[in-house]
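Work through the exercises below with the sequence and the model open. Try each task before reading its solution.

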Amino acid sequence: RRFTRFPFKTTTELTVDDKCYVVKEICNLSIGGCLLPIETIHESGTRCRVRIMLNMPGEGPNISVEGIIVRKDRGKLAIKFMGIDPDSLDHLKRLALYNAGDPDKLEQEIKKHPGLL
């Protein structure tokens, strides 16, 4: 794995085609993707959008990323992040640094993969 993963409790939306799924926590999150507790019919290779709420809906910044479903297993979806705007990337980096068990290791991961995606 390229990036340190950590659990994160926050409302998150996954949009696939015209269907929006909402969860109250992320099983694990990293700079490169996430694992969401969602049961869906969508298969690996399906493009999606993930919105991680950092505040109450409609208030303040959120993290918004384009992704692709890379795996579904036992009611969980693994999403690889494929595209992110600079502001969302900055919020995601700060979130990861704050929540990672070893911030120094995460800093090295970010330096080693400056493009991240």
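**Exercise 1.** Does D17 count as buried or exposed, and at what relative accessibility?

Solution. Start with the ground rules. This is a predicted model, in which local features need pLDDT of at least 70 and side-chain atom pairs count only at pLDDT 80 or more, while totals for chains, interfaces and linings use all residues. Residues are numbered from 1 along each chain as its sequence is written, and side-chain values use heavy atoms, with hydrogens and water left out.

Next, the cut-offs. Buried means under 20% relative accessible area, exposed over 50%, and partly exposed in between (1.4 Å probe, protein chains only). D17 has 60% relative accessibility, so D17 counts as exposed.

Now place D17. It sits in the loop between β2 (12-16) and β3 (19-23). Its phi is positive, about 55°, although D17 is not a glycine. Most residues other than glycine have a negative phi.

**Exercise 2.** Find R74: which loop holds R74?

Solution. Look between β7 (62-73) and β8 (76-84); R74 lies in that loop. Check the backbone: R74 is not a glycine, yet has a positive phi of about 50°. Then check the surface. R74 counts as exposed because its relative accessibility is 79%.

**Exercise 3.** List the secondary structure of the protein chain in order from the N terminus.

Solution. Helices (H or I, at least four residues) and strands (E, at least two) are DSSP runs, numbered from the N terminus. Count them: the chain has two helices and eight strands. Then read the order, which is β-β-β-β-β-β-β-β-α-α.

**Exercise 4.** Which radius of gyration does the protein chain have, and what would a compact globule have?

Solution. The radius is taken over C-alpha atoms, and the globule rule is 2.2 Å times the number of residues to the power 0.38. For 117 residues the rule gives a value near 13 Å; the chain has 13 Å, so the two agree. The C-alpha atoms fill a box of roughly 40 × 30 × 25 Å along the principal axes. Of the 117 residues, 42% count as buried.

Finish with contacts, where contact means heavy atoms within 4.5 Å. Among contacts with a separation of 6 or more, 52% join residues 24 or more positions apart.

**Exercise 5.** Describe the aromatic pairing in the chain.

Solution. Take the rule first. Rings of Phe, Tyr and Trp (its six-membered ring) pair if their centres lie within 6.5 Å; planes under 30 degrees apart count as stacked, over 60 as edge-to-face and the rest as tilted. The count comes to one aromatic pair. The ring centres of F6 and F8 are 6.5 Å apart and the planes meet at 85°, so the pair is edge-to-face. Both F6 and F8 are buried.

**Exercise 6.** What does T12 touch beyond four places away in sequence?

Solution. Locate T12 in strand β2. T12 is buried, with a relative accessible area of 1%. Its contacts beyond four places in sequence are Y21, V22, V23, I26, L36, V50, R51 and I52.

Follow I26 onward. I26 lies in strand β4 (residues 26-29) and is buried at 0% relative accessible area. With neighbours within four places set aside, I26 contacts P7, F8, T10, T12, C34, L35, L36 and I52.

**Exercise 7.** Which strand holds G67, and what does G67 touch?

Solution. G67 lies in strand β7. At 0% relative accessibility, G67 counts as buried. Leave out residues up to four places away in sequence; G67 then touches T46, R47, C48, I79, K80, F81 and M82.

**Exercise 8.** How far apart in space are the C-alpha atoms of L54 and T11?

Solution. L54 is in the loop between β6 (47-53) and β7. It is partly exposed, with a relative accessible area of 29%. L54 and T11 are 43 residues apart in sequence, and their C-alpha atoms are 8.1 Å apart. Outside four places in sequence, L54 touches P61, N62, I63, H91 and L95.

Repeat for K112, in helix α2 (residues 103-112). K112 counts as exposed at 66% relative accessibility. K112 and R2 are 110 residues apart in sequence and 9.4 Å apart, C-alpha to C-alpha.
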